[in-house]
Amino acid sequence: MTNSFNLEWIDYTVMIIYFMFVLGIGWALKKYMKDAKAFLEAGRSMPAWVAGLAFISTNLGALEVMGMTGSGLKYGMLTTHFYWVGAIPAMVFLALFMMPFYYGSKARSVPEYLKLRYDEKTRGLNAILFAVMTILASGISMYALAILMEKVLGWNFHMSLVLSAAVVLGYTYLGGLSSAIYNEVLQFFIIVLGLLPVVFLSLKDVGGWSGLQDQLAPIATAKGFAADTWTTTWKYTGTAAANPMGVEWYSIFAGLGFVLSFGYWCTNFLIVQRAMSAHSTVAARNTPLIGALPKMFVPFLIIVPGIIALVLMNNPATGFKLPLNEAGQPIYDYTIIMLLKQYLPAGVLGLGITALLASFMSGMAGNVSAFNTVWTYDIYQSYIRPVTGNKADDEKHYLGVGRLATIFGVIVSIAAAYLASLFGNIMDFLQTIFSMINAPLFAVIFLGMFWKRTTGHAAFTGLLAGFLVALLHHGLTFPAGADTLVKGGWIAHVHQYPVEMAQNFWTAIYACATSATVAVVLSLITKQKKSDIELKGLVYSLTPKVHEEVVPWYKRSTTLAILVLTIATVLTILFW
Amino acid sequence: MGIDIKLPIGLMFSILGLLLTVYGLITASNQAMYEKSLHVNINLWIGLTMLVFGGIMLLLSFKKKKKEGM
């Protein structure tokens with residue numbers, strides 16, 4: 001593309017100030033990094049609001065911002081299903097019912113919880129898969145960012161790759177998890193304030209929400225949908241054919257609202273690690289709830305501008321166009337940056353690009369800080385060099401290993417980014433594999449927390465069986481118009497789904513159901529090797545209840561949970 | 001862990017806010033530049049917003065320090 005932006009000195013100044021602050025925070029934390037606990041667990045000292053904003057910020061990575069704006073253009077307000085039904089219930093469940101065990105068990109990671117609750121092999125399987133997937137994911141988001149900067153800003157691909165990786169490495173190496181978390185809070189605010197001008201100007205341009213509705217009507221009708229399809233959420237989900245997403249209400253409810261979202265929010269260590277860094281059980285429980293409050297409003301920041309982009313695209317007078325790929329299809333992921341270009345003059349433009357950089361960094365630092373913890377505690381400490389008993393010496397040793405793992409993680413991420421540039425499909429591939437791993441994991445962790453009979457052998461076999469069934473389902477079915485085997489159907493064409501999303505939902509549903517069934521059946525026929533005393537703090541029925549009476553009512557998790565669920569319900573009704 | 005994050009957040013947004021406010025004032029007469037943003041001086045507005053936000057963060061941070069000092 002030749003019509004790249006011309007950034008001015010003011011735009012670069014904004015970016016440089018931001019870079020100085022993120023590195024400065026890492027620098028300021030350097031002196032506290034005396035042992036592995038400080039570096040890898042942030043010393044379990046974070047206030048709930050800091051952990052809560054970091055929790056949501058690490059999820060608001062570059063792929064999320066770019067992808068959700070593009071989905072807003074393609075599916076309209078239906079995209080909010082990834083938030084109001086597809087995130088909030090799972091976050092509330094994690095907070096109220098799962099955090100007491102993750103935090104109270106004193107496990108330092110999700111794999112370590114599996115070790116305490118089940119056995120070594122279950123932990124090993126999860127730790128290795130998680131480490132590999134996390135680092136690949138970080139590489140892919142790095143690739144996405146660098147290619148965006150190259151195509152739209154005309155920056156050198158290699159330079160933006162190495163530069164952005166170096167900044168993330170700089171502050172995570174200096175200040176560990178604390179630095180990642182504190183920076184995620186700062187990044188959260190810059191993402192919000194940096195994208196606000198685009199939301200405001202684009203809404204003003206189309207004449208507000210009602211103007212947007214009016215202008216969308218002919219576009220939706222021309223595509224063969226009801227006039228208000230793009231501005232409603234549940235109204236046209238009675239049949240798959242009536243909405244652009246191509247899914248009906250029960251697959252949204254079961255696939256997205258239950259299996260996929262619980263699989264992601266309740267088991268992904270990247271997310272759970274933020275809540276584990278909180279200073280007390282009550283703070284750990286409040287973390288996902290505090291994160292849920294802004295999460296509910298993220299759609300207005302990234303989905304609504306995407307919907308407006310659809311109007312702009314259909315009105316030649318605006319001159320708004322998305323770049324095309326080799327096949328001549330618009331690249332929907334570029335919607336957000338094209339909107340920045342459309343509306344922002346020098347100054348705020350730099351701020352908007354800084355917001356994109358910040359979203360990339362919050363996601364990548366999350367990946368790196370989760371990777372180095374799992375690597376150090378669950379792989380290195382378990383299989384390579386176990387604790388010696390000399391605590392001071394051990395802490396120092398593992399701090400060094402954690403630091404090295406940080407450098408190693410960033411280098412492998414860069415390699416993964418180049419891998420992604422060679423194989424365009426790797427992103428789809430990875431997301432498919434991720435959903436195959438997460439859904440069975442949720443079944444196994446859930447059973448472990450709420451049914452003390454669940455055994456280690458059952459959990460391990462359940463995980464494997466769920467993954468195999470997911471693979472099998474993916475191999476036997478394919479979405480309409482699939483052009484590569486990555487999308488499915490590589491064994492045989494048994495069933496065709498109207499869209500890829502429906503296929504993903506059902507893959508996850510089958511995987512989760514299989515995993516749960518296998519784990520339950522095997523638990524009944526294998527022997528429980530763990531005694532009730534060993535399971536204390538790990539299983540619901542054997543753990544004393546959390547007493548919240550010590551904190552004032554407005555700081556209690558149940559109060560916050562009711563508030564979160566009420567707002568989510570109101571939003572759902574308003575945009576029904 | 002040692003630091004109060006409100007302080008760096010407050011500082012950064014105050015600096016960025018000041019920068020964009022001043023830039024907005026300097027460029028206020030530049031009609032061509034603000035045609036994109038529907039003739040809204042968006043630099044000035046977002047600059048002021050950031051100044052207010054940064055100021056609040058700094059205030060909260062100093063209040064906390066004072067409380068701890070007592």
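**View 1. The contact between chain A and chain B.** In this predicted model, 31 residues from chain A and 24 residues from chain B make up the contact, where two residues are in contact if their C-beta atoms, placed from the backbone, lie within 7 Å. On the side of chain A that touches chain B, the elements giving two or more residues are α1 (9-29), α8 (157-205) and α15 (348-384) of chain A; helices are DSSP runs (H or I, at least four residues), numbered from the N terminus. The most is given by α8(A), with eleven residues. By class, this side of chain A divides into 23 nonpolar, six polar and two charged residues, with Ala, Val, Leu, Ile, Met, Phe, Trp, Tyr, Cys and Pro counted as nonpolar, Asp, Glu, Lys and Arg as charged, and the others, Gly among them, as polar.

Residues are numbered from 1 along each chain as its sequence is written, while chains are lettered from A and ligands numbered from 1 in the order in which they are written. Because the model is predicted, local features need pLDDT of at least 70 and side-chain atom pairs count only at pLDDT 80 or more, whereas totals for chains, interfaces and linings use all residues.

**View 2. The two domains of chain A.** Chain A is divided into domain 1 (9-422 + 545-574) and domain 2 (429-544), with bounds that come from an automatic or database domain assignment. The centres of these domains of chain A, taken over C-alpha atoms, are separated by 24 Å, and 35 residues of domain 1 are in contact with 28 residues of domain 2. The elements of chain A that give two or more residues to the domain 1 side are α5 (88-104), α6 (110-117), α7 (120-153) and α10 (249-265), and this side has 21 nonpolar, ten polar and four charged residues.

**View 3. Helices α12 and α20 of chain A.** The axes of α12 (residues 281-295) and α20 (residues 557-574) of chain A come within 9 Å and cross at roughly 15°, the axes being lines fitted to C-alpha atoms over the stretch in contact, with angles from 0 to 180 degrees between N-to-C directions. That angle makes α12(A) roughly parallel to α20(A), a term used for angles under 35 degrees. A:Val282, A:Arg285, A:Asn286, A:Leu289, A:Ala292 and A:Leu293 of α12(A) make the contact with A:Ser557, A:Leu560, A:Ala561 and A:Val564 of α20(A).

Technical notes: Parallel < 35°, antiparallel > 145°, perpendicular 65-115°, else oblique.
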